[in-house]
Each structure stands twice: as structure tokens, then as C-alpha cells.
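This report describes selected local features of the structure shown below.

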Amino acid sequence: MQEVRRQESPRQESPRSPEAQVGLQVEDLWDVQEPQLSPTEKLNACFESIPVSAFPQADPSKVVEITSDTSLAEAVQILAKHRILGAPVLDVDAPEDATWIDRYIGIVEFAGIVVWILHQSEGGSTPGTPRSPTMDLMKAGPRASFGAALAAASSKLLGDVGTEPASPTAGNFFEVLTESQFYKNTTVKDISGSFRWAPFLALETSNSFLTMLLLLSNYKMKSIPVIDVVQGKIDNIITQSSVIHMLAECSDMHWFENWGNKKLDDLGLPLTTSHLITVSEDEPVLQAFKLMRKRKIGGVPVIENGTRKAIGNISLRDVQFLLMTPEIYHKYRSISARNFLTEVRSFLESQNKYSPMLCGMITCGKDHTLKEVIQMLDNNKIHRIYVVDAEDNLEGVITLRDIISKLVHEPKGYFGDFFDGVLPLPANSRV
């Protein structure tokens, strides 16, 4: 009888997305779970029964590896070409008989490369007469010491945050940077362990959805490579965003509605309330990026002076505009958070480029359901949404990780020795 009912169901007859097909597997498993199990226990059991090989394949152009001897200049070009935020790093020095896990040294992000360069200024250089960072870079020849070249170039970028105007400059700093010798000679391996550098935690195709979901939530992984052990190569890359998209595609299913129709407040969301990190509209935008690095977070809201009302969000990936947009680069030390938002939006509109920053400030209330929040995050392709009260005062933030963490729970001793040989981060970790 059960099989007949499913064949006659109109939802099975209608074409569904690959993500929804996964949801249908959960639906089938949900129906046969022991009735005494709680909804959370049922979801855990369902996701433990589905291998990650069932997760929809990422666009092949997004499944990219970067070798450890790749220069920072080349790495940035590769990430930009494929329109991805990060990529696994293949160790060229690994022995031929190395296991797949020993062939990779971590995951590098574009934003991490840029922030790492900016961060070098905090090594103790003394500010002097204002000069153009492009001049410092061009004077740093191929034999210049790596540390000295970085200090000269970046001390003007992330030194003492103040309001003094930058010296007159011309051109695009990012273009000059990619042509500089130290940028070309510094490899991805040289910055292993720096800010936003993630250890190489990967799954085999036989591992379960539950393992994947726990790594993306409890263990704060932004993305997880999936390895084909037979071929010895990366078969897929699963991101937090792709999981949220899968959930959005499953929003009409019974197992999802049981969970997704709950209000945020009933689920204990937002997790971050009293200690929400913000930046005021008149503060230098460099302060926002400093806060992100110091607190190890991916974004901060910009608030009106003297209030708790947000006027926009600055995420870590927006650091690219600090260096790539001439109107901003010329005043990178003095531009305020508010003016940074305005300039970036104008630049994107003039270039006909889409960015989440063009969506404005997207918020929700504690009375919103999880389903509504998931749909907002997925539709706008954003990584966080801010929770406000009836007067639009900030009350907290909800990230993709927060949502995934409410979907499943980690059984005691679940991972065993899974992390052996992977954590902690490399010995030269600096942030």
C-alpha cells in the first residue's frame, strides 16, 4: 500500500530539481522511521542513511584545485576566472604514494589573500610620510625581502585607522599589486594557516549527509570537498549556500514543514544577540575589516550613529572593492562605512554587475518562520540575515551555519578519530 501511495502522488510525477530529489529521499526515509523517535532524531537517522554522493554536483567550472606552488597573483586570477570564493590547495611536495588526505594542505580564499596582505602592516612598521602604496610596490624588486616588501606596501593600507586623507594616487592598486614581484613570487603555501585559511577536511563519497551537515555547522566549515577515492580526485564541493538552496527546494515537503514552519524564537534564533558586533556609519571602513579579522567573522552590519538601526551590511568578500574600485582606493584610509556602501553600489550599477550589496538591508523578525528566512537567504544569495524588532532595531544575526545547526544534532562520539591528522591548523598559523 505504501508503495502504491507514492506512485500516485502528484509530487512524484512532477519534474523536480536535483536538490528536491534529495528531499524526496529524506521524505521516503522519514515515513519509515520508528514512531517513538523525535523529529530531530528522525532527521538525523534520515541524513545518516543518505551518502554525500547523492548531493547534486556543483558546476564543473567551480570544482577547482590550486597547487601549493601557485603564486598569489595566479591564485587570485584562478579564483576570479571561475567566480569562486575559495579552492582546495594541492601539495606539490607530497610523495607519490601519499593518501588523498595528505595530498592537500588546506583551502585558500580570495578574501583571505587580500586580508592577509593588508594584515602584514601590523608587524610593527612605523608610519612615516604618506606615500602611495603603488610606489612602494614598484620599488620592491625581485630580490627585496618578502616581509619588507609587504610591510612597505601594506603599512599604508591597514596601519593605524584614522581619518587623515591618503596621498594622491593614480590607477588601480590591485592591478599594480598583481604585477609586483613579491606578489608573483609569494606562493599560496607561504600563507598557509593565515586568516580564512581552512584545514583540508574532506569527505569520501560514501560518507553520510549527516557527517557533511555537522561539518558545515558545528565545525564551521564553509565548504567541503568530496573525494572520489577510486580516482583519487575531488569529485564535488558542497558549500553552506548549496545546502541552504537544497532546503529551499524542499520547502513543500512534509519532513521540512515539520521543522521549517517553526518560528525563529521557538528555535532559539538568533544565537547572537547581546554581543552583536557592529560598525558605525561614520567609522572608517577599514575598521569593519579589522573587526572581521579580529573576531573571525564574515560580516558586520553598519548602523546609524547613536542607534541600533542598520543601514547596510559589509561582508568579508567586499574587501575586493577596497582595492579594485578606483573611487574607493583613492581614499581607502578615510572613506567611511556609509560612503563605502554608497560607492560600491554605484560602481556595481555602472558595471551592470550583480552583488548581494545591491539588495539593500535584508532583515527579518523573530516571528518569521525558518522557512521564510531560508527562502530570503536563497533568493538573495546572501550568507546572513539580521533580526530586528518592531522599530527596526537590531536584535541579532542568523547565518547559514546557524540554520544548518538547527537541522541536525551531533551524537556523542560521532566523529571518533575522524579529525586525526587534520586538526589543528598548520604550525605556522598566524591568525
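## The loop between α13 and β7

In this predicted model, Asp265 is located in the loop that connects α13 (254-260) with β7 (279-280). Asp265 belongs to a surface patch of negative charge, in which it gathers with Asp266, Asp367 and Glu372.

Pro270 is found in the loop between α13 and β7 as well. The peptide bond that joins Leu269 and Pro270 is cis, with an omega of about 5°.

## Residues with positive phi

Most residues other than glycine have a negative phi, and most peptide bonds are trans. Arg83, although not a glycine, has a positive phi of about 55°. Its position is the loop between α5 (72-81) and β2 (86-90), and Arg83 counts as exposed because its relative accessibility is 71%, where the cut-off is over 50%.

Asp392 is not a glycine either, and its phi is positive at about 70°. This residue lies in the loop between β11 (384-388) and β12 (394-399). With a relative accessibility of 46%, Asp392 counts as partly exposed.

Strands β8 (residues 299-303) and β9 (residues 310-315) run antiparallel and are joined by five bridges. Within this pairing, Val302 of β8 stands opposite Gly312 in β9.

The two strands form a hairpin, with six residues between β8 and β9. In the turn, Gly306 has a positive phi of about 75°.

## Salt bridges

The count of salt bridges comes to seven. Among them, Lys189 and Asp91 meet through their side chains at 4.0 Å, N to O. This pair links distant parts of the chain, 98 residues apart: Lys189 lies in the loop between α10 (181-185) and β4 (203-204), and Asp91 in the loop between β2 and β3 (104-109). Asp91 is buried, at 16% relative accessibility, whereas Lys189 is partly exposed, with a relative accessible area of 33%.

Lys189 also forms a salt bridge with Asp93, the closest N and O atoms being 3.3 Å apart. Here too the pair links distant parts of the chain, with Asp93 in the loop between β2 and β3 and 96 residues separating the partners. Asp93 counts as exposed, at 56% relative accessibility. Together, Asp91, Asp93 and Lys189 are linked in a network of salt bridges.

A further salt bridge is formed by the side chains of Lys381 and Asp378, at 3.5 Å, N to O. Asp378 is buried, with a relative accessible area of 9%, while Lys381 is partly exposed at 45%.

Key: Residues numbered from 1 in each chain as written. Predicted model: local features only at pLDDT ≥ 70, side-chain atom pairs only at ≥ 80, totals over all residues. Heavy atoms only, no water. Patch = residues over 30% accessible without salt bridge, like charges linked within 9 Å, V, L, I, M, F, W, Y side chains within 5 Å. Areas by Shrake-Rupley, 256 points an atom, 1.4 Å probe, with all protein chains shown as cover. Lys, Arg positive; Asp, Glu negative; His and termini not counted. Charge placed at Lys NZ, Arg CZ, Asp CG, Glu CD. Helix = DSSP H or I, 4+ residues; strand = E, 2+ residues; numbered from the N terminus. Pairing = 2+ DSSP bridges. Buried < 20%, exposed > 50% of the residue type's maximum accessible area, 1.4 Å probe, protein only.
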